[in-house]
Amino acid sequence: MEFFERFAIPHPDPMIYASMVAIVLVSIAIVAGLTYFKKWGYLWNEWLTTTDHKRIGIMYLISALVMLFRGGADAVMMRLQLSSPEMEFLNAQHYNEVFTTHGVVMIFFMAMPFVIGLMNYVVPLQIGARDVAFPRLNALSFWLFFAGAMLFNISFVIGGSPDAGWTNYFPLASNEFSQSVGVNYYMWALQISGIGTLMTGINFVVTIFKMRAPGMKLMKMPMFTWSALITNVIIVFAFPVLTVALLMGTFDRQFGTSFFATGNGGMDMYWANLFWVWGHPEVYILILPAFGIYSEIISTFSQRNLYGYKSMVASMVLISLLSFFVWVHHFFTMGQGALTNSIFSITTMAIAIPTGIKIFNWLLTMWKGKIRFTVPMLYSVAFIPLFTVGGVTGVMLAMASADYQYHNTMFLVAHFHNTIIPGVVYAMLAGLTYWWPKMFGFILNERIGKWAFWFNVVGFVLAFFPMYITGLDGQARRMYTYSESTGFTPLNMLSFVGAGLMAIAFILIAYNIFYSIKNSPRNVGDDPWNARSLEWATHNPVPEYNFAIEPEVNSSEAFWDHKKKKHTLFKGKIDKIHMPNNSGIPIIMAGILFVFGFSFVFSIWPAVIIAAIAFFACMMYSSFENDQGRYISADEVKETEEKFGGASK
Amino acid sequence: MKELFPIKQVNGFIFSLLLTVVALSVYFMDMSFTAGMTILLVTAFVQAIVQFVLFMHAGESDDKRTIYTTLYYSALIALVTIFGSLLAMVWDM
């Protein structure tokens, strides 16, 4: 029994026991359902082993939506706890675990897969490719992300959640102050999913450089593809830093090294430094694809070409470079001198310039446009003023001397939510709604979507704008309670109401998916939004080979040219198409890494060693495997095309 | 036969071994922290260049501009990260 004692949770709570029961029941229901409906074969052949970028993209999106609800539940719990003074809903320890989980889940397991999922689905279509450069690596990326996410999510029922914040600063995260295995979970969950992200980065840089349709020069790529390219370049440069930092942290906690120790020549502040060397570029990894999505949507629904294409690209390149020059602004108050703080203060403010250029470009795209206020466009239009407020408070925080006042208060919390929710979350919702017909062949109900939008925006403003005020009044972040005499009560109550409205918005979005599956008309055609870029030139939903004939392009809006300027997109004739084979190796490797990570968390060394050997065996097997892919014959392609209503238009 | 013998690569191999020995000497010889760090930084970057140019064949293909741009970009970011960290954590603390 002694062996199993390590799996017990250090801070049990009725809610955690309830979640344990819920997890077990849901797992049993899924297994039983799959068996009853005989769907195991379908699941394995069509989804779990797939190397199709579209299916991998959809799996990313499903995971992201599930994680959105997990992280959202954490958020509502926190707002409830703070809604009135001396609340006894969560205790201090539980609150620490909830805000840590909220941060990690939202950044790593919601925003990242959402961004990568949309890139997976859209980028190959936008550049006229049939898949990504390394389809099997793409599957491995997804499954590594998934293994990391699952590892993180079991932490609160087996062994205890991490509780040192999503930034996991040492010395708080060291063995001395975080005795449970929670922080080990943090290290390994992020390590495994981070390696998956790094692979995605390499995969997409190669895809975009090497697999564009004939005629698509770099400066003729659609804006979302440009943003994806730059994002993935940042991933390739930033993620190795996280990998190294996590490994050093693991060594400190499990092998007794002193990288981040306060003695023995170690330096606890160095964790914060490395974390933000990765962490600040990460912010742009999330926001740049969002900018790309807004560019596509605003241009489509204003029915004008994107204003200032070249300056859009230039500003993104500049942002990507500057993103590596600003990380110290996350810890202005750590004690470095005025010189350092001034340098990083100025580089930080400089980022406002390229971002401002983009804001003006979007406004000028809408100028004199024939605007249609669909759901994606509503989110994009709401994004512009709300994100600008977030940007302006960002410049306030960038002033190092003033930051001593704002640091670690709710003002900061309001600022980064103000950029990340209208910036990233709205973009993901807008992108999901915009490309939904591409994925599934029908449009999400607009009326429910608009209700969800208004709940979302009003809820957001009510939830986060009060924090600016309480923050300036001195309410610290990550405090699980406050006394009535502080006077924070009314504004915190308002925040809770806002959080409730946002929760309703997300429930409406989920309901909308079910409602539209049942009720939406399926005859929306291939181009329901009257869009401009190449992904709309193929059928809805997209056949597995994407394009029957490789398109030829001569501008960034090839499909618009095709519709309005008599540009012929598809010149060749239908031929056999080379496609990648499915493979079970990625999911098996991710499963092995899950076992590896789990055993490492609990220092069960025999299992760690066995899993490591099995992992390398899989790699050996893969390198000796002779997989040449398969061909879809020309006849089969023609047959599919006819089912969609005639060969390419 | 002479054209077939990879003289550049053999020389490069010897040179990279030499760089390793120099870097290793920092551990065995008694020198100041600054001197040791300088030697390590210089040998590390020269070593990286040797590896990229000679053994990973940067500059031998058509996409040599892309490869060198990427390398310069990486070097820039590595330097900014290293010196930025030194500034924030050591020199200006």
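## A two-chain predicted model

Ser603(A) sits in the loop between α18 (585-601) and α19 (605-624) of chain A.

Student: Which bond joins Asn540(A) and Pro541(A)?

Tutor: A cis peptide bond, with omega about -15°. Pro541(A) lies in the loop between α16 (489-519) and α17 (558-564) of chain A. Another cis peptide bond joins Phe170(A) and Pro171(A), with omega about 5°. Pro171(A) is in the loop between α6 and α7 (182-210) of chain A.

Student: How far apart are the end C-alpha atoms of α6 in chain A, and what should the helix span?

Tutor: They are 29 Å apart. Helix α6 has 20 residues, 135-154, so at 1.5 Å a residue it should span 28 Å, which agrees.

Student: Why call α6(A) largely enclosed?

Tutor: Because 16 of its 20 residues are buried.

Student: Switching topic. What domains does chain A have?

Tutor: The assignment gives domain 1 (9-47) and domain 2 (48-583 + 627-644). Their C-alpha centres lie 27 Å apart. Each domain gives 13 residues to the contact.

Student: Which elements of domain 1 give two or more residues to that side?

Tutor: α2 (14-36) and α3 (40-48) of chain A. The largest share, five residues, comes from α3(A). By class, the domain 1 side has eight nonpolar, three polar and two charged residues.

Student: How many residues of chain B are in contact with chain A?

Tutor: Eleven, and they meet 14 residues of chain A. The chain B side has six nonpolar, four polar and one charged residues. For the complex, the predictor gives an ipTM of 0.85 and a pTM of 0.93. Chain B averages a pLDDT of 87, and 99% of its residues score at least 70.

Student: What does UniProt list as "transmembrane region" in chain B?

Tutor: The unreviewed entry lists residues 12-29, 35-58 and 70-91. In the model, residues 12-29 are 94% helix, with end C-alpha atoms 25 Å apart. Residues 35-58 are 88% helix, with end C-alpha atoms 31 Å apart.

Methods. Residues are numbered from 1 along each chain as its sequence is written. Chains are lettered from A and ligands numbered from 1 in the order in which they are written. This is a predicted model: local features need pLDDT of at least 70, side-chain atom pairs count only at pLDDT 80 or more; totals for chains, interfaces and linings use all residues. Helices (H or I, at least four residues) and strands (E, at least two) are DSSP runs, numbered from the N terminus. The expected span of a helix is 1.5 Å times one less than its number of residues. A residue is buried if 20 or more other C-beta atoms lie within 10 Å of its own, exposed if 12 or fewer, and partly exposed in between; C-beta atoms are placed from the backbone. UniProt positions are given in the numbering used here, feature names are shortened, and annotations may be inferred rather than shown by experiment. Two residues are in contact if their C-beta atoms, placed from the backbone, lie within 7 Å. Ala, Val, Leu, Ile, Met, Phe, Trp, Tyr, Cys and Pro count as nonpolar, Asp, Glu, Lys and Arg as charged, and the others, Gly among them, as polar. Domain bounds come from an automatic or database domain assignment. pLDDT is the predictor's confidence in each residue, from 0 to 100.
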